[in-house]
Amino acid sequence: MALSQSVSDYNMVAVDAEFMDMCPIAVGPFSHLHFTCEEQTPADVASRLQSLLVYLNGSFDNRFRRLVDDPRSLQVIQREIPHLVRPDQWRSVADWAVNFVAKAGGRRWGEVAAHEKCEVMAFAMLTGRAQGSVHVDAQQAGNFVDSMDGARTASARRAMMDDRSNPETCQVSRVAALLRVKYATSLCTVTLMRGADGQSHQSDLDLQTKVGGKELYYGSKRVGDCQLNFEANASAVERNPAENISLNQAGAFVFRVNNYINRDNADVPFEITAQKPGFTEVHAGVWPRSRKNGDFVTAEDLTGAGQALRGRAEGARGE
């Protein structure tokens, strides 16, 4: 029987010390199925691959395929970068894409054997920019695929990439990537993010609201059909911490931010992105260094806060 060439039919495993410990040669007097290897995957490499497994199980196969199958368009995009409004935002991802595509040796993705595809994808994950479970370049490279599919001329590609690198548009893309990785599927979401571009990130900022008069926050993560999907920095500090609330029922919601622990001992900038079908808002805020725990930042304190943070939301099912 022919072996499948689809990476989604396989599981990638890092053969590291932890893996070898799970497969001992013998337990007591009994021999077991086990593996031998000349060299084990270093712990830091295995840890990075483990964090980025979502990119290696076939979910991003189409993105890898489109980039590998069209290196000429990728080179055209790379040549256009100096002419963009914000070229520095594209150089890293373009270099990353060109380098990993070269690992396919000029072959189309369908011509690459499954184990070689895994090698190409592993190389891609071990290079470029990654923040925890998010590979920044793999996410941003989706813009290249969109320009290949939807922009046929150099000027159209420049216009699309300039729009995608607009700070507000870029924040919406970062939120969308985060929600995909975290499996938050509701169409109505409010997301708190901080730590971008080297900003303060160690403090424990909390996002909360009320549902039918009852507090929805880290101590009560589900109220009615609404829930706090994920939070950050309660104990372990993350480099790019984020929290998200999904609103799965209609109602009036006012969102607040609290700095439970100000580990930064500094002003803490943050952004809140509110989304519902046909509507997106991005709001900037700062938790001042002198502000105390419990003195909430509300919608009125945020730059440009509007309908989505202070008004009604029509809930859409999801998590």
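In which sense do β12 and β15 pair, and over how many bridges? The pairing of β12 and β15 is antiparallel and runs over two bridges, where two strands count as paired if DSSP finds at least two bridges between them. The model is predicted, so local features need pLDDT of at least 70 and side-chain atom pairs count only at pLDDT 80 or more, while totals for chains, interfaces and linings use all residues. Residues are numbered from 1 along each chain as its sequence is written, and side-chain values use heavy atoms, with hydrogens and water left out.

Helices (H or I, at least four residues) and strands (E, at least two) are DSSP runs numbered from the N terminus. Val257 stands opposite Val297 in β15. The two open sheets are set out here.

| Sheet | Strand order | Pairing |
|---|---|---|
| four strands | β7-β6-β12-β15 | antiparallel |
| six strands | β8-β9-β10-β5-β13-β14 | antiparallel |

In the sheet of four strands, β7 (214-216) and β15 (297-298) are at the edges with a single partner strand each, so one side of each is left without a neighbour in the sheet. In the sheet of six strands, the edge strands are β8 (222-223) and β14, each of which pairs on one side only. Within that sheet, β9 (residues 226-230) and β10 (residues 242-246) run antiparallel and are joined by three bridges, and the bridge partner of Phe230 in β10 is Asn244.

The loop between β9 and β10 holds Asn233, which has a positive phi of about 70 degrees although it is not a glycine. Most residues other than glycine have a negative phi.

The largest pocket holds about 1300 Å³ of space. A pocket is an open set of points on a 1 Å grid over the protein atoms alone, with protein on both sides within 12 Å along at least five of seven lines, and its lining residues have an atom within 4 Å of a point; the volume is the space filled by probe spheres set on the points, which are joined across faces, edges and corners. Of its 46 lining residues, the closest to the centre are Gln131, Val136, Cys170, Arg174 and Met193. Helix α10 gives the most to this lining, with nine residues.

Note on methods:
1 Å grid on protein atoms, 1.4 Å probe; cavity = no way out; pocket = protein on both sides within 12 Å on 5 of 7 lines; lining within 4 Å.
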